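Work through the exercises below with the sequence and the coordinates at hand. Each task is followed by a stepwise solution.

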Amino acid sequence: MDAKETISLYEAIGGADTVERLTHRFYELMDTLPEAAHCRAIPPEDLSGSEAKFRDYLTGYLGGPPVYVEKHGHPRLRMRHMPAPIGPEERDEWLLCFRRALEETVPDMKLRAIILPPVEKLAYHMQNKA
């Protein structure tokens, strides 16, 4: 009898290299898409620290090493983002960038279909203004 090995989403999408490409592309889109202007207007001006934190967060979120938690503790994402005014427009622009980056970096449609719904739910949870 063969036992099937279970792998994480992190491993299934290609591990650190794919997460690096995904987060980098996300922030490129955030900086260049006119459709993301409201979201991008939220500080900080330099997103390099944000990109590194998002990469670390996604690594653990997708089942890889818990890098974010080791560096920064519990994510407490809503609390950490409370100073940023996030309304429906900013939320939708953030999701637009994430969806595009995900489509461009994770070719497997089934994996994208697993990853996207909880990320969308999280984006709605982060909204803190009407």
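The model is predicted, so local features need pLDDT of at least 70 and side-chain atom pairs count only at pLDDT 80 or more, while totals for chains, interfaces and linings use all residues. Residues are numbered from 1 along each chain as its sequence is written, and side-chain values use heavy atoms, with hydrogens and water left out.

**Exercise 1. Describe the largest pocket by volume, lining and residue class.**

Step 1. On a 1 Å grid over the protein atoms alone, a pocket is an open set of points where a 1.4 Å probe fits, with protein on both sides within 12 Å along at least five of seven lines; lining residues have an atom within 4 Å of a point. A volume is the space filled by probe spheres set on the points, which are joined across faces, edges and corners.

Step 2. The volume of the largest pocket is about 890 Å³.

Step 3. Its lining consists of 30 residues, and Tyr27, Ser50, His81, Trp94 and Met126 lie nearest the centre.

Step 4. Helices are DSSP runs of H or I with at least four residues, numbered from the N terminus. At least two lining residues come from each of α2 (15–32), α3 (37–40), α4 (48–61), α6 (77–81), α7 (88–105) and α8 (109–126). With seven residues, α4 gives the most.

Step 5. Count Ala, Val, Leu, Ile, Met, Phe, Trp, Tyr, Cys and Pro as nonpolar, Asp, Glu, Lys and Arg as charged, and the others, Gly among them, as polar. The lining of the largest pocket then has 22 nonpolar, three polar and five charged residues.

**Exercise 2. Characterise the packing of α7 and α8.**

Step 1. Axes are lines fitted to C-alpha atoms over the stretch in contact, and angles run from 0 to 180 degrees between N-to-C directions. For α7 and α8 the angle is about 165° and the axes are 10 Å apart.

Step 2. Angles under 35 degrees count as roughly parallel, over 145 as roughly antiparallel, 65 to 115 as roughly perpendicular and the rest as oblique. The pair α7 and α8 is therefore roughly antiparallel.

Step 3. Contact means heavy atoms within 4.5 Å. On the α7 side the contact includes Trp94, Leu95 and Phe98, and on the α8 side it includes Ile115, Leu116 and Val119. The residues of this contact of α7 with α8 divide into nine nonpolar, no polar and six charged.

**Exercise 3. How do α2 and α7 cross, and how do α2 and α4?**

Step 1. The axes of α2 and α7 cross at roughly 140° and come within 8 Å. That makes α2 oblique to α7.

Step 2. Among the residues that meet are Leu22, Phe26 and Leu29 in α2 and Trp94, Phe98 and Ala101 in α7. By class, the contact of α2 with α7 has nine nonpolar, two polar and four charged residues.

Step 3. α2 and α4 pack at about 140°, with axes 9 Å apart, and are therefore oblique to each other.

Step 4. Their contact includes Val19, Thr23 and Tyr27 of α2, together with Ser50, Phe54 and Leu58 of α4. The residues of the contact of α2 with α4 divide into six nonpolar, four polar and three charged.
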